[in-house]
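Work through these exercises with the model open beside you. Try each task before reading its solution.

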Amino acid sequence: LGKLRGMFSFVIWDTNKKLMFGARDHFGIKPFYYSLFNDNFIFSSETKAILEFPGFKKEVNEEALEQYLSFQYSVLPETFFKGIYRLPAGHYLIFKDGKLEVQRYFDPMMEPAESGDLEKTVGEIENVVKDTINAHMIADVEVGSLLSSGVDSSYVVSEFPGKKTFTVGFLDKNSKYNEIRYAESLVKELGKENYNKTIDSDEYFNSIPTVMYYMDEPLADPSCIALYFVDQLAAEQIKVVLSGEGADEFFGGYNIYHEPLSLKGYQKIPKCIRKGLAKVASVMPDIKGRDFIIRGSKTVEERFIGNANMFSVKDREKLLKTKLTHKSPQDIVAPTYKKVSHLNDIAKMQYIDTNFWLQGDILLKADKMSMAHCLESRVPFLDVEVFNYAKTLPIDFRCNEEATKRAFRIAAKRHIPEKTANKKKLGFPVPIRVWLKEEKYYNKVMETLTSDASKKFFNTDILVKLMEDHRNGKADNSRRIWTVYVFLVWYNVYFETEDFKPINSEWIKNRIRTA
C-alpha cells in the first residue's frame, strides 16, 4: 500500500491462504462498507447493496443519529444502519476463518517546520501542484474540471490542459449565492470554456430525496445538493472531472484556523478568570463578543470538533427521544487529539479535519454525487505526494493574521487573478437561510418536522420553536433545522418508501446503455 498513489478501494481474495485482503485509500476518497452477518463477510462501495443481502434486517442506528446532530455527518465506525460499518481512510482489513482484523497503514500526521524561506516554498508549491494535476490528467477520455469562485478550483483550472469547466449557482439578486459570474470571468481570462446552470429553489428541494438516496446516509451539508447538479451538468459532456477538495485541510485554508491567533492575547488571562467570564456570558443574550468570551475560555480540544458543530450535547439531549449514550463530540475526537498533543493548535485542527470532516463530509459527497451520474471525480490536491510536502510547511506559511492558506495563495496568484487568489473561503454558498423564511418552503419543512416519523425521534415542539424563531428573525437556526430535516428525508427514503426511484434513474439507465 505504501507504493500506491491515488484513490482506491479494493479487495483481493487469496485462494491459497483462503484470506481476503481489503484496503481504502490514504484519505478516504473512495468508500468501503462492510458487514459481518450470519458468518458472511459482505462488502460494497454502497450501503444499499449490503441492505439487499438475503435476511439482512434494516435498522436505524440511533447512536449515529445522536452524534450526527452535532457533527452534521455520520461520524461513528458503524453507519446509520446497524451492523454496517465503514473502513476508515488509510486502513486495510484481513478476513480469515471468520475473523476480521483492521489495521491502519497511513496516518496523515502534520510535521510543521519551525521556519522556512517563503519565496522558495511558493515555488515548490507551484511545482507540487503542477505535478499532481499532470498525474491526475492521465486518461483515455476528455477530462474537465469543476469550477467555483474560490482559489482551489480556480488554481486547478489554470493548470489543467483541458478546456471544459462546470459551475452552478442560485437565483440571487446580489450574487452572494451565485458563482457563475466569477467562473465566466475567470475562464475568459484563461481561454477556457464554462458550462453553467442556475438552480431554482423548486429543483433544489425536489432533488433532496434523490440526493439522500445516493448519499446512503444523511448529510446536512446543503452543498451536496448543489454538487449533485454540477456533476450532472458535467456528466452530460464528459466522463472525468478534476475538483479542488483537500487544499484547505493540507495547506490551512479554513477561516476557523484563524481562531488560535485571534484568541492568543485573550488566553493570556488566567484560565479561572476566563472560565468565570464565560459562565456569565453563557446566560447573556447572543450579543457581539459573547461567543469570543465563551470560546476563549476553552482549549482547542474543548472547542473544536471540525468545521461543523450544530447541536450542543445539552440541546440534542432535550431534542432526542431515543436512547442516549451521553457521549459528547469531544469524547469522539479526544483519542485523535491525544496523538497530536505536541503540535501547534492550527496543526491540531488540520489533523482533526483530515481525520473527520474531510472523510465524513467533503469526500463522501464528492464521491457519491459524482458516482450518481457515472462521473469519475478526481481530486489532485488529495495526493499522498502533495500531503508529504504540505505536512512540513511552517505554521506561518499555512495561516497567519492576514490570510489562510498563505503560501498556497501566493503560488496561486502567479496563475490566476489576485482577487480570486485572495477570496475569502466561502464553501459552496446555498441560500437555505433565505428559503426557510419563504412561506412555501417553511410549510414544506414544517410538515416534515412535525410528521409522525419525526415524533419517533424528536420532541417536535423544540423543532417548531426553532422554525418560528428563524422565520421571525430572532435567530439564524437554518443549519440546525436543515440537519434534522435531511435526516427525516433520508429516513423516509430508506424506511418509509418502498422501491424508491431517484429522479435521475432513467437518465442513468440511458447513460449506461449508451456507454
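**Exercise 1. Overall build**

What percentage of the 515 residues of the protein count as buried? Then judge the overall dimensions.

Solution. 
- Start with burial. This is a predicted model, and 56% of its 515 residues count as buried, with under 20% relative accessible area as the cut-off.
- Next, take the radius of gyration. A compact globule of 515 residues would have a value near 24 Å; the protein has 23 Å, so the two agree.
- Check the extents. The C-alpha trace spans about 65 × 60 × 50 Å along its principal axes.
- Look at contact range. Take contacts between residues at least 6 apart in sequence: 72% of them join residues at least 24 apart.
- Finish with secondary structure. The protein has 26 helices and 12 strands.

**Exercise 2. Strand β6 and its partners**

Sort the side chains of β6 by face, then trace the pairing of this strand.

Solution. 
- Sort the faces. In β6 (residues 91-96), His-91, Leu-93 and Phe-95 point to one face and are buried.
- Take one partner, β2 (residues 19-24). Five bridges join β2 to β6, and the two run antiparallel. Phe-21 stands opposite Ile-94 here.
- Take another partner, β7. Six bridges link β6 and β7, again antiparallel. Tyr-92 has Gln-103 in β7 as its bridge partner.
- Inspect the turn. β6 and β7 form a hairpin with two residues between them. Asp-97, in that turn, has a positive phi of about 50 degrees.

**Exercise 3. The second largest pocket**

Which residues are closest to the centre of the second largest pocket, and which element gives the most to its lining?

Solution. 
- Note the volume. The second largest pocket holds about 620 Å³ of space.
- Go to the centre. Of the 26 lining residues, the closest are Val-75, Pro-88, Asn-355, Phe-356 and Gln-359.
- List the contributors. β3, β7 (99-104), α14 (329-339) and α16 each supply at least two lining residues. α14 gives the most, with four.
- Classify the lining. It divides into 15 nonpolar, six polar and five charged residues.

**Exercise 4. Enclosed space**

How many cavities of 30 Å³ or more are there, and what lines them?

Solution. 
- Count them. There are two cavities of 30 Å³ or more.
- Take the largest cavity, with about 60 Å³ of space. Among its lining residues are Met-7, Ile-29, Lys-30 and Asp-367. Helix α16 (residues 357-371) supplies the largest share, four residues. By class, the lining has five nonpolar, two polar and two charged residues.
- Take the second largest cavity, with about 30 Å³ of space. Its lining includes His-26, Phe-27, Arg-104, Asn-355 and Gln-359. By class, there are three nonpolar, four polar and one charged.
- Cross-check with Exercise 4. Asn-355 and Gln-359 line the second largest cavity, and both are among the residues closest to the centre of the second largest pocket.

Note on methods: Residues numbered from 1 in each chain as written. Predicted model: local features only at pLDDT ≥ 70, side-chain atom pairs only at ≥ 80, totals over all residues. Heavy atoms only, no water. 1 Å grid on protein atoms, 1.4 Å probe; cavity = no way out; pocket = protein on both sides within 12 Å on 5 of 7 lines; lining within 4 Å. Points joined across faces, edges and corners; volume = space filled by probe spheres on them. Nonpolar A, V, L, I, M, F, W, Y, C, P; charged D, E, K, R; others polar. Rg over C-alpha atoms; globule rule 2.2 N^0.38 Å. Buried < 20%, exposed > 50% of the residue type's maximum accessible area, 1.4 Å probe, protein only. Contact = heavy atoms within 4.5 Å. Pairing = 2+ DSSP bridges.
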